[in-house]
Amino acid sequence: MLPKIDRRRLLGVGALTATVPGFLSETGRLLAGDGRTPSLAADKDRVLVVIQLAGGNDGLNTLVPFRDDAYYKARPKIAIARDKALKVTDEFALHPEMKELRALHDDGRLGVVSNVGYPNPNRSHFRATEIWETATPEKDVLTGWVGRYFDAECRGIASPMLGLQLGEKPALTFAHPKGRAVTLTNPGLFQWEGGSTGKAMDRLNRVRPTGNDQLDFLQRTANDTLTLSKKIQDALKDTRTATEYAPFNFSQSLKVVAQMIAADVPTRVYYVSLGGFDTHVTQAGRHAGLLQELSQGLGSFVRDLKALGHLDRTLVMTFSEFGRRVAENEQQGTDHGTAGVMFLAGGNVKAGIHGTRPNLTDLDEGDLKFGTDFRRVYATVLANWFKANPKSILGGEFQPLPCLA
(Lines give C-alpha, C1' and ligand atoms only; values in the text may rest on other atoms or scores of the structure.)
Protein backbone atom coordinates (compact mmCIF):
# COMPACT_ATOMS: atom_id res chain seq x y z
CA MET A 1 0.00 0.00 0.00
CA LEU A 2 1.37 3.39 -0.95
CA PRO A 3 1.93 5.79 1.95
CA LYS A 4 0.16 9.10 2.34
CA ILE A 5 2.06 11.82 0.46
CA ASP A 6 1.99 15.51 1.27
CA ARG A 7 2.51 17.85 -1.70
CA ARG A 8 4.82 19.97 0.40
CA ARG A 9 7.01 16.94 0.99
CA LEU A 10 7.72 16.41 -2.69
CA LEU A 11 11.08 18.00 -2.02
CA GLY A 12 12.03 14.70 -0.50
CA VAL A 13 11.08 12.36 -3.32
CA GLY A 14 14.63 11.05 -3.42
CA ALA A 15 13.35 7.48 -3.78
CA LEU A 16 11.78 8.43 -7.10
CA THR A 17 14.71 10.28 -8.63
CA ALA A 18 16.24 7.08 -9.94
CA THR A 19 13.15 6.28 -11.97
CA VAL A 20 11.87 9.69 -13.06
CA PRO A 21 13.53 12.42 -15.13
CA GLY A 22 16.38 14.18 -13.41
CA PHE A 23 14.26 17.27 -12.86
CA LEU A 24 11.09 15.60 -11.45
CA SER A 25 12.00 16.33 -7.87
CA GLU A 26 12.56 19.97 -8.83
CA THR A 27 9.25 20.03 -10.71
CA GLY A 28 7.52 18.64 -7.66
CA ARG A 29 8.94 21.48 -5.62
CA LEU A 30 7.85 24.05 -8.19
CA LEU A 31 4.31 22.75 -8.40
CA ALA A 32 3.88 22.11 -4.69
CA GLY A 33 3.66 25.82 -4.01
CA ASP A 34 0.24 26.35 -5.58
CA GLY A 35 -1.07 22.91 -6.49
CA ARG A 36 -1.57 23.72 -10.15
CA THR A 37 -1.28 20.93 -12.68
CA PRO A 38 0.85 22.01 -15.65
CA SER A 39 -0.53 22.24 -19.13
CA LEU A 40 2.05 21.04 -21.62
CA ALA A 41 0.65 22.84 -24.63
CA ALA A 42 3.49 24.42 -26.57
CA ASP A 43 4.14 28.03 -25.63
CA LYS A 44 4.71 29.77 -28.93
CA ASP A 45 5.33 33.17 -27.33
CA ARG A 46 8.60 35.01 -27.51
CA VAL A 47 11.78 33.53 -26.12
CA LEU A 48 14.75 35.23 -24.44
CA VAL A 49 18.23 33.69 -24.41
CA VAL A 50 20.46 35.24 -21.75
CA ILE A 51 24.21 34.81 -22.23
CA GLN A 52 26.51 35.54 -19.32
CA LEU A 53 30.08 36.53 -20.17
CA ALA A 54 31.50 35.55 -16.79
CA GLY A 55 34.59 37.18 -15.37
CA GLY A 56 34.15 40.77 -16.51
CA ASN A 57 34.39 41.32 -20.26
CA ASP A 58 36.58 44.15 -21.52
CA GLY A 59 34.09 46.35 -23.31
CA LEU A 60 36.69 48.69 -24.81
CA ASN A 61 38.43 45.90 -26.70
CA THR A 62 35.07 44.40 -27.68
CA LEU A 63 33.48 47.55 -29.04
CA VAL A 64 36.55 49.51 -30.02
CA PRO A 65 36.50 53.36 -30.06
CA PHE A 66 39.06 53.32 -32.85
CA ARG A 67 39.01 57.09 -33.48
CA ASP A 68 39.74 57.95 -29.85
CA ASP A 69 43.43 58.73 -29.29
CA ALA A 70 42.89 58.41 -25.53
CA TYR A 71 42.10 54.73 -26.04
CA TYR A 72 45.46 54.06 -27.71
CA LYS A 73 47.31 56.19 -25.17
CA ALA A 74 45.82 54.19 -22.28
CA ARG A 75 46.55 50.83 -23.95
CA PRO A 76 49.83 51.05 -25.87
CA LYS A 77 50.29 47.24 -25.95
CA ILE A 78 46.81 45.67 -25.96
CA ALA A 79 44.70 48.16 -27.93
CA ILE A 80 43.09 46.85 -31.10
CA ALA A 81 44.82 48.31 -34.16
CA ARG A 82 42.71 50.62 -36.29
CA ASP A 83 43.45 48.72 -39.48
CA LYS A 84 42.38 45.39 -37.95
CA ALA A 85 39.19 46.45 -36.17
CA LEU A 86 35.88 45.57 -37.86
CA LYS A 87 34.19 48.93 -38.35
CA VAL A 88 30.45 49.15 -37.73
CA THR A 89 30.10 52.96 -37.48
CA ASP A 90 32.29 56.00 -38.05
CA GLU A 91 33.43 55.82 -34.42
CA PHE A 92 33.15 52.19 -33.32
CA ALA A 93 34.42 48.83 -34.49
CA LEU A 94 34.18 45.26 -33.26
CA HIS A 95 37.15 43.14 -32.24
CA PRO A 96 38.72 41.50 -35.33
CA GLU A 97 37.73 38.01 -34.10
CA MET A 98 34.03 38.91 -34.15
CA LYS A 99 33.46 38.47 -37.85
CA GLU A 100 30.15 36.64 -37.42
CA LEU A 101 28.77 39.37 -35.18
CA ARG A 102 29.82 42.06 -37.65
CA ALA A 103 27.93 40.11 -40.32
CA LEU A 104 24.87 40.00 -38.05
CA HIS A 105 25.13 43.75 -37.55
CA ASP A 106 25.38 44.34 -41.29
CA ASP A 107 22.35 42.07 -41.77
CA GLY A 108 20.32 44.13 -39.29
CA ARG A 109 20.31 41.41 -36.62
CA LEU A 110 22.68 42.84 -33.97
CA GLY A 111 22.47 45.82 -31.66
CA VAL A 112 25.16 46.91 -29.20
CA VAL A 113 24.48 48.91 -26.04
CA SER A 114 27.63 50.75 -25.02
CA ASN A 115 28.82 52.19 -21.71
CA VAL A 116 26.35 50.18 -19.61
CA GLY A 117 26.57 50.12 -15.82
CA TYR A 118 24.88 51.37 -12.65
CA PRO A 119 25.54 53.85 -9.81
CA ASN A 120 28.19 53.03 -7.19
CA PRO A 121 29.57 50.01 -9.07
CA ASN A 122 30.94 47.00 -7.25
CA ARG A 123 34.15 45.28 -8.43
CA SER A 124 33.68 41.97 -6.64
CA HIS A 125 32.85 39.18 -9.09
CA PHE A 126 30.36 37.63 -6.67
CA ARG A 127 28.52 40.80 -5.64
CA ALA A 128 28.60 42.40 -9.09
CA THR A 129 27.11 39.26 -10.63
CA GLU A 130 24.40 39.28 -7.96
CA ILE A 131 23.58 42.88 -8.85
CA TRP A 132 23.11 42.07 -12.52
CA GLU A 133 21.12 38.93 -11.73
CA THR A 134 18.76 40.59 -9.25
CA ALA A 135 18.69 44.06 -10.88
CA THR A 136 18.88 45.52 -7.38
CA PRO A 137 22.19 47.33 -6.82
CA GLU A 138 20.97 49.18 -3.74
CA LYS A 139 20.36 46.17 -1.49
CA ASP A 140 20.71 42.42 -1.15
CA VAL A 141 17.65 40.51 -2.34
CA LEU A 142 16.91 36.81 -2.76
CA THR A 143 14.94 37.00 -6.01
CA GLY A 144 16.19 37.37 -9.57
CA TRP A 145 14.71 39.74 -12.10
CA VAL A 146 13.54 36.90 -14.36
CA GLY A 147 12.16 35.03 -11.35
CA ARG A 148 10.07 38.09 -10.50
CA TYR A 149 8.97 38.33 -14.12
CA PHE A 150 7.77 34.73 -14.06
CA ASP A 151 5.83 35.33 -10.85
CA ALA A 152 4.27 38.62 -11.96
CA GLU A 153 3.48 37.92 -15.59
CA CYS A 154 3.47 34.15 -16.24
CA ARG A 155 1.07 32.73 -13.66
CA GLY A 156 -1.30 31.62 -16.40
CA ILE A 157 1.43 29.58 -18.09
CA ALA A 158 1.50 26.22 -16.34
CA SER A 159 4.79 24.92 -17.69
CA PRO A 160 6.99 23.64 -14.85
CA MET A 161 10.08 24.85 -16.74
CA LEU A 162 9.62 28.46 -17.79
CA GLY A 163 13.36 28.95 -17.31
CA LEU A 164 16.20 26.61 -18.24
CA GLN A 165 19.86 27.13 -17.47
CA LEU A 166 22.53 24.98 -19.04
CA GLY A 167 25.39 24.99 -16.58
CA GLU A 168 26.53 23.92 -13.15
CA LYS A 169 25.81 26.79 -10.76
CA PRO A 170 22.17 27.98 -10.67
CA ALA A 171 21.89 31.62 -11.65
CA LEU A 172 20.26 33.97 -9.17
CA THR A 173 18.51 35.43 -12.22
CA PHE A 174 15.76 32.79 -11.88
CA ALA A 175 15.55 32.79 -8.08
CA HIS A 176 12.11 33.09 -6.50
CA PRO A 177 10.16 31.32 -3.71
CA LYS A 178 7.79 30.11 -6.43
CA GLY A 179 10.61 29.12 -8.75
CA ARG A 180 9.78 28.07 -12.28
CA ALA A 181 13.26 27.25 -13.59
CA VAL A 182 15.60 24.25 -13.78
CA THR A 183 19.40 24.13 -13.97
CA LEU A 184 21.01 21.25 -15.86
CA THR A 185 24.68 20.40 -16.09
CA ASN A 186 23.95 18.55 -19.33
CA PRO A 187 20.89 17.59 -21.40
CA GLY A 188 21.43 13.92 -20.48
CA LEU A 189 19.63 14.65 -17.22
CA PHE A 190 16.43 14.53 -19.21
CA GLN A 191 17.01 10.85 -19.88
CA TRP A 192 15.94 7.99 -17.67
CA GLU A 193 18.70 6.60 -15.51
CA GLY A 194 19.60 3.12 -16.62
CA GLY A 195 18.04 3.71 -20.02
CA SER A 196 14.60 2.41 -19.02
CA THR A 197 11.32 4.17 -18.53
CA GLY A 198 11.33 3.24 -14.88
CA LYS A 199 9.31 0.41 -13.35
CA ALA A 200 8.29 2.48 -10.38
CA MET A 201 6.92 5.18 -12.66
CA ASP A 202 5.03 2.57 -14.67
CA ARG A 203 3.47 1.23 -11.47
CA LEU A 204 2.54 4.75 -10.39
CA ASN A 205 0.94 5.46 -13.75
CA ARG A 206 -1.19 2.30 -13.47
CA VAL A 207 -2.66 3.38 -10.14
CA ARG A 208 -6.32 4.25 -10.56
CA PRO A 209 -7.66 7.48 -9.06
CA THR A 210 -8.33 6.82 -5.37
CA GLY A 211 -9.90 10.05 -4.23
CA ASN A 212 -6.70 10.83 -2.34
CA ASP A 213 -5.92 14.33 -3.62
CA GLN A 214 -2.28 14.13 -2.61
CA LEU A 215 -1.64 10.83 -4.36
CA ASP A 216 -3.59 11.92 -7.41
CA PHE A 217 -1.51 15.14 -7.51
CA LEU A 218 1.70 13.11 -7.52
CA GLN A 219 0.38 10.93 -10.32
CA ARG A 220 -0.62 13.92 -12.45
CA THR A 221 2.73 15.59 -11.79
CA ALA A 222 4.57 12.45 -12.81
CA ASN A 223 2.52 12.08 -15.99
CA ASP A 224 2.95 15.72 -17.03
CA THR A 225 6.64 15.76 -16.22
CA LEU A 226 7.10 12.54 -18.18
CA THR A 227 5.37 14.14 -21.16
CA LEU A 228 7.60 17.23 -21.00
CA SER A 229 10.70 15.07 -20.55
CA LYS A 230 9.75 12.99 -23.58
CA LYS A 231 9.22 16.14 -25.63
CA ILE A 232 12.69 17.38 -24.72
CA GLN A 233 14.30 14.01 -25.37
CA ASP A 234 12.70 13.91 -28.82
CA ALA A 235 14.02 17.41 -29.53
CA LEU A 236 17.55 16.43 -28.54
CA LYS A 237 17.45 13.17 -30.49
CA ASP A 238 16.76 15.14 -33.66
CA THR A 239 20.36 16.07 -34.43
CA ARG A 240 19.51 17.85 -37.65
CA THR A 241 20.47 21.52 -37.66
CA ALA A 242 20.47 24.10 -40.40
CA THR A 243 24.08 25.05 -39.72
CA GLU A 244 27.28 23.73 -38.20
CA TYR A 245 28.23 24.56 -34.62
CA ALA A 246 31.80 24.74 -33.32
CA PRO A 247 32.79 21.78 -31.09
CA PHE A 248 32.99 23.89 -27.92
CA ASN A 249 30.75 23.77 -24.85
CA PHE A 250 29.32 27.23 -25.46
CA SER A 251 28.38 26.57 -29.09
CA GLN A 252 27.01 23.13 -28.27
CA SER A 253 24.86 24.62 -25.50
CA LEU A 254 23.40 27.09 -27.99
CA LYS A 255 22.74 24.19 -30.34
CA VAL A 256 20.71 22.49 -27.58
CA VAL A 257 18.77 25.71 -26.99
CA ALA A 258 18.02 26.00 -30.71
CA GLN A 259 16.74 22.43 -30.78
CA MET A 260 14.43 23.12 -27.83
CA ILE A 261 13.12 26.35 -29.33
CA ALA A 262 12.44 24.62 -32.65
CA ALA A 263 10.60 21.82 -30.82
CA ASP A 264 8.32 24.34 -29.05
CA VAL A 265 9.47 23.28 -25.60
CA PRO A 266 7.42 25.51 -23.22
CA THR A 267 10.39 27.46 -21.90
CA ARG A 268 10.42 31.24 -22.04
CA VAL A 269 13.95 32.12 -20.89
CA TYR A 270 17.15 30.15 -21.52
CA TYR A 271 20.45 30.90 -19.79
CA VAL A 272 23.92 29.98 -21.08
CA SER A 273 27.35 31.06 -19.80
CA LEU A 274 30.74 31.60 -21.37
CA GLY A 275 33.48 32.06 -18.77
CA GLY A 276 37.09 33.15 -18.69
CA PHE A 277 36.81 36.92 -19.15
CA ASP A 278 38.82 37.87 -16.06
CA THR A 279 41.83 38.92 -18.14
CA HIS A 280 44.35 40.36 -15.68
CA VAL A 281 47.38 38.90 -17.47
CA THR A 282 48.35 38.71 -21.17
CA GLN A 283 44.85 39.61 -22.25
CA ALA A 284 45.26 39.90 -26.02
CA GLY A 285 45.30 36.25 -27.10
CA ARG A 286 42.96 34.96 -24.42
CA HIS A 287 40.35 37.66 -24.99
CA ALA A 288 40.55 37.17 -28.75
CA GLY A 289 39.81 33.46 -28.36
CA LEU A 290 36.82 34.11 -26.10
CA LEU A 291 35.33 36.71 -28.44
CA GLN A 292 35.84 34.35 -31.37
CA GLU A 293 33.98 31.61 -29.47
CA LEU A 294 31.17 34.03 -28.64
CA SER A 295 30.95 35.29 -32.22
CA GLN A 296 31.01 31.86 -33.83
CA GLY A 297 28.47 30.47 -31.40
CA LEU A 298 26.02 33.33 -31.80
CA GLY A 299 26.51 33.39 -35.56
CA SER A 300 25.62 29.70 -35.85
CA PHE A 301 22.70 30.08 -33.45
CA VAL A 302 21.12 32.96 -35.36
CA ARG A 303 21.61 31.27 -38.75
CA ASP A 304 20.10 28.06 -37.37
CA LEU A 305 17.01 29.74 -35.94
CA LYS A 306 16.52 31.79 -39.10
CA ALA A 307 16.57 28.66 -41.27
CA LEU A 308 14.23 26.85 -38.85
CA GLY A 309 11.77 29.76 -38.86
CA HIS A 310 12.12 30.72 -35.20
CA LEU A 311 14.43 33.74 -35.26
CA ASP A 312 11.66 36.35 -35.16
CA ARG A 313 10.42 35.02 -31.83
CA THR A 314 13.88 34.77 -30.27
CA LEU A 315 15.94 37.52 -28.62
CA VAL A 316 19.51 37.05 -27.38
CA MET A 317 20.90 39.33 -24.67
CA THR A 318 24.45 39.23 -23.29
CA PHE A 319 25.75 40.67 -20.03
CA SER A 320 28.92 40.66 -17.95
CA GLU A 321 29.26 41.64 -14.29
CA PHE A 322 31.55 44.59 -15.07
CA GLY A 323 33.92 45.95 -17.68
CA ARG A 324 37.64 46.56 -17.24
CA ARG A 325 39.67 49.60 -16.27
CA VAL A 326 40.59 51.95 -19.12
CA ALA A 327 44.36 51.64 -18.79
CA GLU A 328 46.16 48.36 -19.30
CA ASN A 329 48.19 47.01 -16.37
CA GLU A 330 51.86 46.00 -16.21
CA GLN A 331 51.00 42.38 -17.06
CA GLN A 332 49.49 43.42 -20.42
CA GLY A 333 46.02 42.78 -19.06
CA THR A 334 43.23 44.82 -17.53
CA ASP A 335 41.83 44.96 -14.01
CA HIS A 336 38.25 45.06 -12.75
CA GLY A 337 36.42 48.14 -13.97
CA THR A 338 32.91 49.50 -14.29
CA ALA A 339 30.92 50.07 -17.48
CA GLY A 340 30.82 47.57 -20.33
CA VAL A 341 28.83 46.56 -23.40
CA MET A 342 25.78 44.38 -24.01
CA PHE A 343 24.74 42.66 -27.23
CA LEU A 344 21.18 42.16 -28.45
CA ALA A 345 20.64 39.78 -31.37
CA GLY A 346 17.56 38.45 -33.12
CA GLY A 347 14.98 39.04 -35.78
CA ASN A 348 13.43 42.14 -34.18
CA VAL A 349 16.55 44.03 -33.11
CA LYS A 350 17.37 47.51 -34.36
CA ALA A 351 20.93 47.21 -35.55
CA GLY A 352 23.49 49.78 -34.52
CA ILE A 353 25.09 51.27 -31.43
CA HIS A 354 22.72 52.26 -28.63
CA GLY A 355 23.34 54.02 -25.36
CA THR A 356 26.05 56.61 -24.76
CA ARG A 357 29.60 56.96 -26.00
CA PRO A 358 32.22 56.24 -23.30
CA ASN A 359 34.31 59.29 -22.40
CA LEU A 360 37.90 58.15 -21.96
CA THR A 361 39.16 61.54 -20.76
CA ASP A 362 36.54 62.14 -18.05
CA LEU A 363 37.14 59.16 -15.75
CA ASP A 364 36.31 58.27 -12.17
CA GLU A 365 39.69 57.33 -10.69
CA GLY A 366 40.67 55.52 -13.87
CA ASP A 367 37.25 53.99 -14.56
CA LEU A 368 34.55 54.83 -17.06
CA LYS A 369 31.51 56.75 -15.90
CA PHE A 370 28.57 54.70 -17.06
CA GLY A 371 26.04 56.35 -19.35
CA THR A 372 23.22 53.77 -19.58
CA ASP A 373 21.81 51.94 -16.57
CA PHE A 374 21.63 48.21 -17.34
CA ARG A 375 18.11 48.17 -15.95
CA ARG A 376 17.04 50.22 -18.96
CA VAL A 377 18.07 47.28 -21.13
CA TYR A 378 16.11 44.91 -18.87
CA ALA A 379 13.14 47.29 -19.06
CA THR A 380 13.42 47.19 -22.86
CA VAL A 381 13.26 43.39 -22.82
CA LEU A 382 10.38 43.30 -20.35
CA ALA A 383 8.26 46.05 -21.90
CA ASN A 384 8.98 45.76 -25.61
CA TRP A 385 9.72 42.05 -25.94
CA PHE A 386 7.59 40.34 -23.29
CA LYS A 387 4.96 43.14 -23.06
CA ALA A 388 5.32 43.13 -19.28
CA ASN A 389 5.31 45.93 -16.71
CA PRO A 390 8.98 46.59 -15.92
CA LYS A 391 8.27 48.94 -13.00
CA SER A 392 6.78 46.25 -10.80
CA ILE A 393 9.59 43.81 -11.64
CA LEU A 394 12.57 46.18 -11.48
CA GLY A 395 11.23 48.23 -8.58
CA GLY A 396 11.47 51.58 -10.31
CA GLU A 397 11.05 53.59 -13.49
CA PHE A 398 13.61 52.76 -16.16
CA GLN A 399 13.00 54.13 -19.63
CA PRO A 400 13.29 51.43 -22.34
CA LEU A 401 15.81 51.98 -25.10
CA PRO A 402 14.77 52.21 -28.77
CA CYS A 403 16.72 49.08 -29.73
CA LEU A 404 13.90 46.64 -30.53
CA ALA A 405 11.57 46.82 -33.51
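Analyst: Happy to! Let's begin with the largest cavity, which is lined by Gly59, Leu60, Leu63, Phe92, Ser114, Asn115, Ala339, Gly340, Val341, Pro358 and Leu368. This is a predicted model, where local features need pLDDT of at least 70, side-chain atom pairs count only at pLDDT 80 or more, and totals for chains, interfaces and linings use all residues. Residues are numbered from 1 along each chain as its sequence is written, and side-chain values use heavy atoms, leaving out hydrogens and water.

User: Why is it called a cavity, and what makes Gly59 part of its lining?

Analyst: On a 1 Å grid over the protein atoms alone, a cavity is a set of points where a 1.4 Å probe fits but cannot get out, and a lining residue has an atom within 4 Å of a point. Gly59 is in the lining, so it meets that 4 Å limit. The structure holds four cavities of 30 Å³ or more. Strand 5 (110-117) and strand 10 (340-346) each give two or more residues to the lining of the largest cavity.

User: How do you know which class each lining residue of that cavity belongs to?

Analyst: Ala, Val, Leu, Ile, Met, Phe, Trp, Tyr, Cys and Pro count as nonpolar, Asp, Glu, Lys and Arg as charged, and the others, Gly among them, as polar. Sorted that way, the lining of the largest cavity has seven nonpolar residues, four polar ones and no charged ones.

User: Why is strand 10 called mostly covered?

Analyst: A residue is buried under 20% relative accessible area, exposed over 50% and partly exposed in between (1.4 Å probe, protein chains only). In strand 10, seven of seven residues are buried. Both faces are covered, with Gly340, Met342, Leu344 and Gly346 on one side and Val341, Phe343 and Ala345 on the other. In a regular strand the side chains alternate between the two faces of the sheet.

User: How do you know whether Thr267 is buried or exposed?

Analyst: The relative accessible area of Thr267 is 2%, which is under 20%, so the residue counts as buried. Thr267 is in the loop between helix 8 (249-262) and strand 8 (269-274). Contact means heavy atoms within 4.5 Å. Not counting residues up to four places away in sequence, Thr267 touches Val47, Met161, Leu162, Gly163 and Leu164.

User: What makes Gln283 and Thr279 partners in a polar contact?

Analyst: A polar contact is a pair of N or O atoms within 3.5 Å; within protein, one must be able to donate a hydrogen and the other to accept it, and sequence neighbours count only if both atoms are side-chain atoms. The side chains of Gln283 and Thr279 come to 2.9 Å, so they pass the distance test. Gln283 lies in helix 9 (283-308) and is buried, with a relative accessible area of 0%. Leaving aside neighbours within four places, its contacts include Asp58, Arg75 and Thr334.

User: Why is the largest pocket called a pocket?

Analyst: A pocket is an open set of points with protein on both sides within 12 Å along at least five of seven lines. The largest pocket has a volume of about 630 Å³. Of its 31 lining residues, the closest to its centre are Gln52, Gln165, Glu168, Lys169 and Ser273. Helix 4 (125-134) is one of the elements that supply at least two lining residues.

User: What makes helix 4 mostly covered?

Analyst: Eight of the ten residues of helix 4 are buried, among them Arg127, Glu130 and Trp132.

Notes: Helices (H or I, at least four residues) and strands (E, at least two) are DSSP runs, numbered from the N terminus. Grid points are joined across faces, edges and corners, and a volume is the space filled by probe spheres set on the points.
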